[in-house]
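This report describes a two-chain model, element by element. Please keep the sequence and the structure in view while reading.

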Amino acid sequence: MDSGGGKRDAPTSAAKWYDLFSRGARDWLRHDEKIRAAVKDNLPEIIAGADLASEGARTVRVPVRMLEHHHFRLRRADESFGAGQGKAKPGDVFTDPSKEGEGEKGPGGREQGEVQLLLEFKVDDIVDWLWEEMQLPNLKARAGPSDETDWTREGWDRRGARSRLDRRRSFKELVKRRGAPGGTPNFTDEDLRYRQLARRRQPAVHAVVFFMLDVSGSMSDRDRKLAKAFFFWVVQGLRREYRSLETVFVAHTTEAWEFNEPQFFEVSGSGGTVASTGFNKVREIIDARYNPGRSNIYLFYATDGDNSVSDAADARAALATITADACFTGYVEVSSGLPRQLATETGRLFQELQAAGCAAGSYALADFDAVWGAVRHFFAAENEAPAQS
Amino acid sequence: MSGDWQAYVRRIEELAARSGLKFHPVDFEAVPESFMMEIAVYGLPVRMPHWSFGVRYIYQLIQRHMGHSRLFEVVFPGNPGHAYLAQNNGLAENILVTAHVLGHADFSRNNLLFRRCQEQVSERIVEHAANHARQISAAIEAHGAQRVEVALDAALALEQHIDVDQALRRGRYPEYAKDPKVLVDDAFQKRFAALERTAGSAAPEARKRAPVPPHPERDLLWFVANYAPEMESWERDIFLAVREESFYFYPVFATQIMNEGWASYWHARLLREADFIPQQAYVDAIKCHSDVVRPIAAESQVSLSVNPYHLGFSMWEKLIERDGLEAARGIMEQDDDFAFVRNYLTRELAEELGLFRYQARSDGQITVLDHDLGALHEAVLAPKYNFGAPIVSAARVRNDGTLELTHDSRTDGRGLDLERSAKVLTYLQKVWRRPIVLTTVNQAGSALELNAP
């Protein structure tokens, strides 16, 4: 079979090293690592643009370009010359297929197409990174008495379920009884100790976040998307702090309704804006379902800032009753047009609150890049705000 | 792996030797396609790790999935040479590839550029590269992957910036400037020297330190390795390892048209003359041959690049037909692609092959230009100038260790891509560890400085 002498035979019996190991894959993984690190470094900007699936999104997809290892290259010339081959006469003109969309079958291209990667990140990871990266203060949970009870381990007993047998403790009892270690340990029923459990009340680590959105005619689709992106990250942030986090979604025009999450972001209304209806609705829900002493209440309100002039007094009063019970109230002014620097009806309302020393904050959100600025603003402010009691 | 093919190897070798090919023995090894792909990506069977190879690997994977490229063989020059063949090659393909590989082996043993490179790098580049990879793994153990990657980022970014006219193992510059008086030696100088010296000129001048570098230095990898003010020795080793591999890659790059053409010519000719090959295998092999050397992808009429296999093959065929094998061998031994194309790509052949020169505007419009043979030669060769890289040289090291680089924009015709160049400077600055200044020109042609940091 072999004709070329000993050194030429291709051994087929033993697996070669290259069957077991791919250097290309190893270096690709390293590239992947680098790109993830790069994404992590620019996370707020990248995430702001990413589309977040509305319900239960646990991952975010981020389109990225492959990294390029740079070399010295000449500037791209306006006009360059090349050599080609085929049926072409001087004066023929055609277009370079690598410069246009696919479809037309032109001459073979000159440039390598670019490859885009779609990286998937876990939302939890992202939130962790961001909290590290942005050094957001962790929120202070309000611990209060609660009805919630839980089992805690408490003491030992001579009787109990087999699974709760505490061997170490039992052995100690044995040693105590015999006076000295050594010899064959001989357990009796007297020696055995079982761990005991007892029900104890737990302090409250419960929070409810009200998201209130103005869906009146003046709020565009983009405004709602902005608000949604902001709300999404607020939930992620608060969820880190509270074991149980409830969300309540309220939308209002001249009336107010409660929605579930998917509907909430789809809702669009028309007509005027009466903010007090929304605040009243929130108040109603608090009274009906939550005990301010036991829950940490947050309210975030997103609107374009216009409110019916006649509603000013009502809105102020309604909001005041909420801030009295809430840990924090935040106001986001979404305005895809010119940022108006919060010089609006509703903006003034919240500024008054802040001036009065309540835990409140406001932020003007003009585009997606600013979403992270808004999140940072609120979480930093929340921590500095005087504690409500 | 079919043993059938192995049975033909010796007979093809004998036939090749009888036809006048002079080659070192070649070890053939059939390997899986995945490994073939890696060899193509890295350029060598075992090479240092770097993430940029991972990027190339993915591009290659995508290309393969789109059915664009298929690798039959990769051959490494040396004594013995080493050829890797794809395991899934058929019998006919393997016969063709064997003949092709022998053409390469003949070329790399006799071509001057290859010979010079092998004298310098050694005839065992595959083992050398594997050693470099091992050395870099050791550096990773000792200094951490992060730091090694920083050094490799810089070294590999400069991989084309060597000076092949210099020796691979090259000493440092002379410490002191030469006395210019010694250089001139003619009758006038002798008479002048014989004159009585005046008091002033009699005092021996203090020896002058030579500036570093004494002339603009294009061998950047060598220069950085030798003159970086604060480089660690293992970082220098990485630079020199990359440089050695570049010395190996240069002849492969600079003779691609000749080399592939020569191998294609010989596989076609040996196949014709090999009467021992079964008829069916011969027909299949010829089909495969015409796929390899076809100028244009099947579905298009016009290609905006020139297939080096086809061009080289056609040129050698014409040359041997016209001047005979002896003359062709002489050219093969002495030329590189620049001489080869400029001297032997004639007007008739260019027309016969349908070669044309075109102008591409940045908006993608392409205009076919007049047949101007000289300009066509340069259009074919332009991507090969200076190892395919802009001419950047080290001009001066300032007293504070600042490195001055200059770009020869007059030769290159335009300035550097600023964004990329700035990135390269950032890589390099991390090993040079002092500021770096690069001069080039902007769009308008006036001087421009890039700084790092």
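## Terms and numbering

Two strands pair if DSSP finds at least two bridges between them. Helices (H or I, at least four residues) and strands (E, at least two) are DSSP runs, numbered from the N terminus.

The model is a predicted one, in which local features need pLDDT of at least 70 and side-chain atom pairs count only at pLDDT 80 or more, while totals for chains, interfaces and linings use all residues. Residues are numbered from 1 along each chain as its sequence is written, and chains are lettered from A and ligands numbered from 1 in the order in which they are written.

## Confidence

The model has an ipTM of 0.87 and a pTM of 0.71. pLDDT is the predictor's confidence in each residue, from 0 to 100. Its average over chain A is 74, with 74% of the residues scoring at least 70. Within chain A, the lowest mean pLDDT of any element, 62, belongs to helix 3 (residues 43-49), and the highest, 87, to helix 8. Residues 1-13 of chain A have pLDDT below 50, and this stretch makes 19 contacts in the model beyond near neighbours in sequence. A contact here means that the C-beta atoms of two residues, placed from the backbone, lie within 7 Å. Residues 100-112 of chain A are also below 50, with 28 such contacts. Where pLDDT is low, the predicted coordinates should not be read in detail.

For chain B the mean pLDDT is 89, and 94% of its residues reach 70 or more.

## Chain B overall

Chain B contains 20 helices and 10 strands. Along the principal axes, its C-alpha atoms fill a box of roughly 90 × 60 × 50 Å. Of the 453 residues in chain B, 41% are buried. A residue is buried if 20 or more other C-beta atoms lie within 10 Å of its own, exposed if 12 or fewer, and partly exposed in between, with C-beta atoms placed from the backbone. Among contacts in chain B with a separation of 6 or more, 75% join residues 24 or more positions apart.

Glu352(B) lies in helix 17 (residues 347-353) of chain B. Glu352(B) counts as exposed because it has 11 C-beta neighbours inside 10 Å. Ser314(B) is 38 residues from Glu352(B) in sequence, and their C-alpha atoms are 9.8 Å apart.

## Contact between the chains

Chain A contributes 58 residues to the contact and chain B contributes 75. On the chain A side, helix 1 (17-20), helix 2 (23-41), strand 2 (79-86) and strand 3 (93-95) each supply at least two residues. This side of chain A divides into 17 nonpolar, 19 polar and 22 charged residues. Ala, Val, Leu, Ile, Met, Phe, Trp, Tyr, Cys and Pro count as nonpolar, Asp, Glu, Lys and Arg as charged, and the others, Gly among them, as polar.

An open sheet of 5 strands, paired antiparallel, has the order 3(A)-6(B)-5(B)-2(A)-4(B). Strand 3 of chain A and strand 4 of chain B stand at the edges with a single partner strand each, so one side of each has no neighbour in the sheet. Strand 2 of chain A runs antiparallel to strand 4 (residues 302-303) of chain B, joined by 2 bridges, and Gln85(A) has Ser303(B) as its bridge partner.

Strand 5 (residues 355-361) and strand 6 (residues 365-368) of chain B are antiparallel and joined by 3 bridges. Here Tyr358(B) stands opposite Val368(B) in strand 6 of chain B.

## A hairpin in chain B

Strand 9 (residues 436-441) and strand 10 (residues 447-452) of chain B pair antiparallel over 6 bridges; Thr440(B) has Leu448(B) as its bridge partner. The two strands form a hairpin with 5 residues between them, and Gly445(B) in the turn has a positive phi of about 95 degrees.

## Helix 9 of chain A

Helix 9 (residues 312-325) of chain A has 14 residues and spans 21 Å from first to last C-alpha, close to the expected 20 Å. The expected span is 1.5 Å times one less than the number of residues. Ala315(A), Leu319(A), Ile322(A) and Thr323(A) are its buried residues. They lie on the same side of helix 9 of chain A because they cover an arc of only 95 degrees around the axis, the arc being that of the directions from the helix axis to the C-beta atoms. Ala313(A), Ala317(A) and Ala324(A) are exposed on the other side.

The buried residues of helix 9 of chain A pack against several elements of chain A, including helix 8 (275-289), strand 11 (328-334) and helix 10 (345-355).
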